[in-house]
Amino acid sequence: MNWQEFFAMGGYAFYVWFSYGITFVVMLIIAISPIIQRKQFLRQQALRLKRQDKS
Amino acid sequence: MSIIPKPVGLFFHKMASPPHFYRFTGRLIPWLSWIFLILVVVGLYGGLVLAPADYQQGDSFRIIYIHVPSAWMSLFVYVVMAVAGGIGLVWRIKLAEIVAISSASVGAAFTFIALVTGSLWGKPMWGTWWVWDARLTSELILLFLYLGVIGLYGAIDDKRTASRAVAILALVGVVNIPIIHYSVEWWNTLHQGPTVSKMDKPSIHISMLWPMLVMAVAFKLYYVIAMLQRARTELVIRERNSQWVKTLLESI
């Protein structure tokens, strides 16, 4: 089987690859977003703590 | 306490302590992520390359390797969420509340994936993106239940009160779970009947089946990873004024 045949998925390329694509994107967003949110929150809290120490 | 072995009891006791949970999961997640990645690569290779095309559905059946595991997980995560919510409701364990709400968005994602991939599979096979049959409709209600849980939690400022409200909603919604599972047997549906769970005589060949089981394990690991990431974030936000989070902040 060559690559072209593989990507063609027997004529169902759109349905198969769109399914896999959307699954990948959704799973990536759900796994990564809490990490970004946590980093932002901790950075912001660390700043607040520093400001409190100064005053 | 007597029916639970002492080390197991001790483990759960320790895990209920927020700083211990935060540290332990921080070390656990990289390991789980590697196992997850290996399983996904193996499962996708088996499903997209090794498995033969279906004699009726051609290559379109390969959507099964994400559709079925995510549909299974959409039910599994809901039950975990309701049980964790119930534990939080009865024993007021903060980490149970956090596990419950952290499961909601992951479960909603699985439900969304199951619906969308099902639609993308239905179009070439049934000739329609959507029908209001029992399986599809009850799965759509599951998505609304998840979104209801997420919305309700966000709408109440006090997160302990929010957790209690969410737990009750989640527990009431459990009634939908057996309806989804048995919908293909109770009603005449366009959606096909079970192929795998008929363990005595599964109507799927082993070369098509094993990649799906690998993907199912991978998706379960993904749930644990994504849920724990959310739980860690939720935990530091809720505990922002506690000593252990302050200590954590000093190390940044």
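Which residues of α5(B) meet which residues of α6(B)? I took this up as the opening entry. Leu145(B), Gly148(B), Val149(B), Leu152(B) and Tyr153(B) in α5(B) meet Ala162(B), Ala165(B), Val166(B), Leu169(B), Ala170(B) and Gly173(B) in α6(B); a contact requires C-beta atoms, placed from the backbone, to lie within 7 Å.

**Basis of the entries**

I note that this is a predicted model, in which local features need pLDDT of at least 70, side-chain atom pairs count only at pLDDT 80 or more, and totals for chains, interfaces and linings use all residues. Residues are numbered from 1 along each chain as its sequence is written, while chains are lettered from A and ligands numbered from 1 in the order in which they are written.

**Helix pairs in chain B**

I looked up the geometry of α5(B), residues 134–155, and α6(B), residues 159–173: their axes come within 9 Å and cross at roughly 165°. Axes are lines fitted to C-alpha atoms, for helices over the stretch in contact, and angles run from 0 to 180 degrees between N-to-C directions. Helices are DSSP runs (H or I, at least four residues), as are strands (E, at least two), numbered from the N terminus. The two helices are therefore roughly antiparallel, the term for angles over 145 degrees.

I then turned to α3(B), residues 64–91, and α8(B), residues 206–238, which pack at about 45° with axes 9 Å apart. α3(B) and α8(B) are therefore oblique to each other; that class takes the angles left after under 35 degrees (roughly parallel), over 145 and 65 to 115 (roughly perpendicular). On the α3(B) side I listed Ile64(B), Trp72(B) and Val77(B) among the contact residues, and on the α8(B) side Met212(B), Phe219(B) and Tyr223(B) are included. The class count is 14 nonpolar, one polar and one charged residues.

**Val106(B)**

I placed Val106(B) in helix α4 of chain B. With 28 C-beta neighbours inside 10 Å, Val106(B) counts as buried (20 or more other C-beta atoms within 10 Å; exposed is 12 or fewer, partly exposed in between). Leaving aside residues up to four places away in sequence, Val106(B) touches Ile30(A), Val77(B), Tyr223(B), Ala226(B) and Met227(B).

**Chain A**

I found two helices and zero strands in chain A. Its radius of gyration is 22 Å, well over the 10 Å that the globule rule gives for 55 residues, so chain A is more spread out than a compact globule. The radius is taken over C-alpha atoms, and the rule is 2.2 Å times the number of residues to the power 0.38. The C-alpha atoms fill a box of roughly 70 × 20 × 10 Å along the principal axes. Of the 55 residues, 16% count as buried. I noted 24 residues of chain A in contact with 31 residues of chain B; the chain A side has 17 nonpolar, five polar and two charged residues.

**Positive phi**

Most residues other than glycine have a negative phi. I logged Met9(A), with a positive phi of about 50°, in the loop between α1 (3–8) and α2 (13–54) of chain A. Met9(A) is partly exposed, with 19 other C-beta atoms within 10 Å. Arg92(B) has phi near 55° and lies in the loop between α3 and α4 (94–126) of chain B. Arg92(B) is exposed, with 12 other C-beta atoms within 10 Å.

Technical notes. Contact = placed C-beta atoms within 7 Å. Nonpolar A, V, L, I, M, F, W, Y, C, P; charged D, E, K, R; others polar.
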